[in-house]
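Me: I would like to read this structure feature by feature. Where do we begin?

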Amino acid sequence: MGAHAAVDFCGLRLAHPIVNASGTFDAIAARRTFGDELLDEFPFSAFVSKTITLEPRDGNPPPRLWETPAGLINSIGLPNRGLTGYLEHDLPQLAQLPVPLITNVMGSTADDVGRLVEATGERAEIAAIELNVSCPNVRTGLDVGASAESLAALLHAVRPLTRKPLIVKLTPNTADVAAVAVAAEAEGADAVSLINTLRATAFEPGADPWRPRPWLGGGGGGLSGPAIRAVALAQVAAVAARVSIPIVGMGGVASGRHARDLLGAGAALIAVGTESFRDPAAGARIAAELKSLQNAETPATCRKLA
Amino acid sequence: MRVTAPLGRRRVVVSAADEVGAYRVLHVADPDGPVPWPGQFYMLAAAESWGGGHDERPFLPRALSFLRAAGGRLSFMLEDVGPGTRRLCELAAGDELWVTGPLGSGFESPDAGPLARRAILVGGGVGIPPLAAWADVLAAARELDGPAAGGELPDALLGFRDAQHAAAVRLLGGAKVRVATDDGSIGHHGLVTELLAAELDADDRATVYACGPPAMLEAVRAICDERAVGAQLALESVMACGFGACYGCVVAVRDGGYVRVCVDGPVLDAARLEAVPAH
């Protein structure tokens, strides 16, 4: 990418506006699969970790996936090594990536979140922290991000604990996402990211359709992919109309045009998730497509990114 | 064994497509890909009309073990069992598809030398491709070392629904093949795992390499476990990505928690599993 495509995001200098959505790219496993080419051609301008919790989690029992028209329902359940495992095992490997590292954390109480924010905030390898208050797979993550009041209370407690940029990942499974974003901004969030997956379910194939049973091991799951792109556009636009902090927009982005549409709706950065499953290098392709679209546009229609 | 894949998917061309009994075999030119190791797999998606089918599926690529790989060509064996495999079965010479791979880790190299255990390959239905690729490697190793050092040709025990499906045995070279069919139309009338149990009861100094439907793999696991025979199982799982990103393809392991079939497998030591999951 040329220098003119660089983005300033919460003080981070990023080579282009495409990052990964949390939990959709495992850079450690990808390096085992693709070798050091992954470092040479890293598809994203910053790497967002999967969600880290205080204690290790195995995740939900399988089955964990269900393909839908133009999308995917997942019921993964946030498997991770826990805070200590992340800091000792994962972080040294993630620090070798050629881009800034954003660590995503989730806790079920303000105390837990505070400990996660403090511990990750102390590490120089971590450039920013993203708070998961929206994962629909885990009951504890749902309530906080679904209401402006509970999110404000959480941020009031944890915001003072770090000087690192704090990004709040909003849940789309709420009546008024913009009101929650306004609360995040008021309580000192440096940015918001949206949308997370939409709550969804799938029934067991072959079972009696009049007595449906949930297919996924976690009961329900979250829908992602092109199926949710229009929802993402609407929610990013609604949030952009109400806050002035930068927005990381995501939801079904599979091309440079989709990325540009979300930038047009008011996002400053774009996260790619499910499309990376279909092509491990999708982030780099989308960044290149976006750059050529932006080069083709007149300055008047090209939204300022920073 | 794991061969590293180029980063990203690549567009390749179907050079030929054959009917083999009830199956379809796709041959694709993959000049830029490395030579994979038996048991590794690829994620495949048709370049055109992927997502335009009934119910607007498929959306995700499909995970398939390769059947053969040589000279910049790969082949895959397919059965039409859903929207993804149906679309892949429609492909003909000149059509294009996206491939990512090779992915995962394949079978472990057999012990060399005079103490090498004989190999028994156990396959069911559309699960035979990794065994065909493995039989080639085992046969080549035997040729290299000589019969005295490398033992005998591997035995291959292959189960199918009927004679039409069993026509796929001709895809397996380099092995002494015996067939079982559910309807008895050819070979042993019954389960392929009955052949395996009898074989091991006669002589249990062997290593078993298996790929097939979950119920067959679970029976192989139990038969080998009872007899303390080492077994490597090539598992199948629904996958979104194939490279460890989505955590969707996990299987529970004996020492607790889950492993990802795509990056920790698809070939797993049977001793690691309490049971092969039903789906």
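This is a predicted model: local features need pLDDT of at least 70, side-chain atom pairs count only at pLDDT 80 or more; totals for chains, interfaces and linings use all residues.

Me: How do I read confidence here?

Reply: Take the chain, then the whole model. Chain B has a mean pLDDT of 92, and 93% of its residues reach 70 or more. The model scores are ipTM 0.90 and pTM 0.93.

Me: How many helices and strands does chain B have?

Reply: Chain B has 7 helices and 16 strands. Its radius of gyration is 18 Å, close to the 19 Å that the globule rule gives for 279 residues, so chain B is as compact as a globular protein of that length. The C-alpha trace of chain B spans about 50 × 40 × 40 Å along its principal axes. Of the 279 residues in chain B, 52% are buried. Among the contacts in chain B with a separation of 6 or more, 65% join residues 24 or more positions apart.

Me: And how do I read chain A in this way?

Reply: Chain A has 11 helices and 14 strands. The radius of gyration of chain A is 18 Å, close to the 19 Å from the globule rule for 306 residues, so chain A is as compact as a globular protein of that length. Its C-alpha atoms fill a box of roughly 55 × 45 × 40 Å along the principal axes. Buried residues make up 54% of the 306 residues in chain A. For contacts with a separation of 6 or more, residues 24 or more positions apart account for 73% in chain A.

Me: Now a strand. How do I read its two faces?

Reply: In a regular strand the side chains alternate between the two faces of the sheet. Take strand S9 of chain B, residues 155-160. It is mostly covered, with 6 of its 6 residues buried. On one side are B:Asp155, B:Leu157 and B:Gly159. On the other are B:Ala156, B:Leu158 and B:Phe160. Both faces of S9(B) are covered.

Me: Which strands pair with S9(B), and in what sense?

Reply: Strand S8 of chain B (residues 118-124) pairs with S9(B) in the parallel sense over 5 bridges. There, B:Leu121 stands opposite B:Ala156. Strand S10 of chain B (residues 176-181) also pairs with S9(B) in the parallel sense, over 6 bridges. In S10(B), B:Ala180 is the bridge partner of B:Gly159.

Me: Now the interface. How do I read it?

Reply: The size of an interface is often given as the accessible area lost when the parts come together. Here, read it by residue contacts. 33 residues of chain A are in contact with 32 residues of chain B. On the side of chain A that touches chain B, helix H1 (27-34), helix H2 (37-40), strand S5 (65-68), strand S6 (71-74) and helix H10 (274-278) each supply at least two residues. H1(A) gives the most, with 5 residues. The residues on that side of chain A divide into 16 nonpolar, 8 polar and 9 charged.

Me: Is A:Phe25 buried or exposed?

Reply: A:Phe25 has 28 other C-beta atoms within 10 Å, so it is buried. The residue lies in the loop between strand S3 (18-20) and H1 of chain A. Leaving out residues up to four places away in sequence, A:Phe25 touches A:Asn20, A:Ala30, A:Ser276 and B:Ala245. A:Phe25 and A:Leu94 are 69 residues apart in sequence and 12 Å apart in space, C-alpha to C-alpha.

Terms used
Residues are numbered from 1 along each chain as its sequence is written. Chains are lettered from A and ligands numbered from 1 in the order in which they are written. Two residues are in contact if their C-beta atoms, placed from the backbone, lie within 7 Å. Helices (H or I, at least four residues) and strands (E, at least two) are DSSP runs, numbered from the N terminus. Ala, Val, Leu, Ile, Met, Phe, Trp, Tyr, Cys and Pro count as nonpolar, Asp, Glu, Lys and Arg as charged, and the others, Gly among them, as polar. pLDDT is the predictor's confidence in each residue, from 0 to 100. The radius of gyration is taken over C-alpha atoms; the globule rule is 2.2 Å times the number of residues to the power 0.38. A residue is buried if 20 or more other C-beta atoms lie within 10 Å of its own, exposed if 12 or fewer, and partly exposed in between; C-beta atoms are placed from the backbone. Two strands pair if DSSP finds at least two bridges between them.
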